[in-house]
Amino acid sequence: MTDKDPLITIDDLPLTFTVKYLGNYPAKGLWGIKFTRKPVDYLVDQAKNLHPEIILPIVNISITEDGFTFTEVMGKVPGPSRKFSVEIISYGVQDLVYTRVFSMIIVVDDTLKSESPFICHSFLCDSKVQARRITFALATVFQHYGKKVKQQTEISGIPLKRLAIDLRTPEEQAENEMESETDA
């Protein structure tokens, strides 16, 4: 984290952002930038190759203490909402190549028996600052959920579920990727 990073607390929620929905694509793993890379590259490529008359859907993202919802904005009547509870969001990150893109991995099959148990949803933000704010808002949700689960775990003895959010800047992520590639 840097001094310029947004400080978002649970009291700041809900937060709403208007962004463009790039779409979703299967992810090969539960968490990590390496599992959002292929989906983001694919979705950005698809967006770049859209017919000029076709525009990406504009959506309102709402981040609450319970999770993440997005609703397509269609004139005066909003489209259907897609809601993801914090329990099924396994990872959220601002992309390190396309810094205006925020992505998250959703667990769609917790038995891991389907061909694609993880789906990456990606959103094109107005700025890299907006993508960062979304990342931090989701991190706040994860922290709040983690505290609730820890309290329940202490009472019930059932182990806590892991969630991941990458708060490093795209520059820090890229630097770490370079270092890990050169380690023997």
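Reader: In what order do the elements of the protein chain run from the N terminus on?

Author: This is a predicted model, in which local features need pLDDT of at least 70 and side-chain atom pairs count only at pLDDT 80 or more, while totals for chains, interfaces and linings use all residues. Residues are numbered from 1 along each chain as its sequence is written, and side-chain values use heavy atoms, with hydrogens and water left out. Helices (H or I, at least four residues) and strands (E, at least two) are DSSP runs, numbered from the N terminus. The chain has three helices and eight strands, and their order is β-α-β-β-β-β-β-β-α-β-α.

Reader: Which residue in β3 is the bridge partner of Val59?

Author: Two strands pair if DSSP finds at least two bridges between them. Strand β2 (residues 58–64) pairs with strand β3 (residues 67–72) in the antiparallel sense over six bridges, and a hairpin of two residues joins β2 to β3. In β3, the partner of Val59 is Glu72.

Reader: Which residues of β2 form its covered face?

Author: β2 also pairs with strand β1 (residues 15–27), in the antiparallel sense over six bridges. There, Lys20 stands opposite Ile58. Ile58 belongs to the uncovered face, with Asn60, Ser62 and Thr64. The covered face consists of Val59, Ile61 and Ile63.

Reader: Is His121 buried or exposed?

Author: His121 lies in strand β7 (residues 118–124). Buried means under 20% relative accessible area, exposed over 50%, and partly exposed in between (1.4 Å probe, protein chains only). The relative accessible area of His121 is 2%, so His121 is buried.

Reader: With which side chain does the side chain of His121 make a polar contact?

Author: A polar contact is a pair of N or O atoms within 3.5 Å; within protein, one must be able to donate a hydrogen and the other to accept it, and residues adjacent in sequence count only if both atoms are side-chain atoms. For His121, the contact is at 2.7 Å, and the partner is the side chain of Tyr21.
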